Amino acid sequence: MNKSERKFYARLKRITRWHTLAGKLSDFEGVINDYDAATPEEIRKLKFIHERLYECYRLAKNFLEEIEMS
């Protein structure tokens, strides 16, 4: 395998990793926003978790965009 092939496959692996991570982080939306039969304390905790997961999702999407642009 020559140098250009190694670079191509390394880039492909990075893109795949960040794409998979962003996809899995986006799956949280339906679970976190389901407040059915939740107490007010549980709702506050779910909202806190949602904020953190959304921040992680946004970071993963930004990293993915950076890799795709390079």
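At 41% relative accessibility, Arg52 counts as partly exposed, where buried means under 20% relative accessible area, exposed over 50% and partly exposed in between (1.4 Å probe, protein chains only). Its salt-bridge partner is Glu51, with the closest N and O atoms 3.5 Å apart; a salt bridge here is a side-chain nitrogen of Lys or Arg within 4 Å of a carboxyl oxygen of Asp or Glu. Glu51 is partly exposed too, at 46%. The model is a predicted one, in which local features need pLDDT of at least 70 and side-chain atom pairs count only at pLDDT 80 or more, while totals for chains, interfaces and linings use all residues. Residues are numbered from 1 along each chain as its sequence is written, and side-chain values use heavy atoms, leaving out hydrogens and water.

The structure holds three salt bridges. Glu41, Arg44 and Lys45 are linked in a network of them. The side chains of Glu41 and Arg44 meet at 2.6 Å, N to O, and these two residues, three apart in helix α3, are separated by about one helical turn. Glu41 also pairs with Lys45, the closest N and O atoms being 4.0 Å apart; both lie in α3, four residues apart. As a reminder of helix geometry, an α-helix has 3.6 residues a turn, so residues three or four places apart point the same way. In terms of accessibility, Arg44 is exposed at 52%, whereas Glu41 is partly exposed at 37% and Lys45 partly exposed at 49%.

Stepping back to the whole chain, the secondary structure comes to three helices and zero strands (DSSP runs numbered from the N terminus, helices being H or I of at least four residues and strands E of at least two). The radius of gyration is 17 Å, well over the 11 Å that the globule rule gives for 70 residues, so the chain is more spread out than a compact globule. That radius is taken over C-alpha atoms, and the rule is 2.2 Å times the number of residues to the power 0.38. Along its principal axes, the C-alpha trace spans about 60 × 15 × 10 Å. Buried residues make up 13% of the 70 residues.

Helix α1 has Ile15, Ala22 and Leu25 as its buried residues, and what covers them includes α2 (28-32) and α3 (40-69), judged by contact, meaning heavy atoms within 4.5 Å. Finally, Ala37 is found in the loop between α2 and α3. Ala37 has a positive phi of about 65° although it is not a glycine, and at 74% relative accessibility it counts as exposed.
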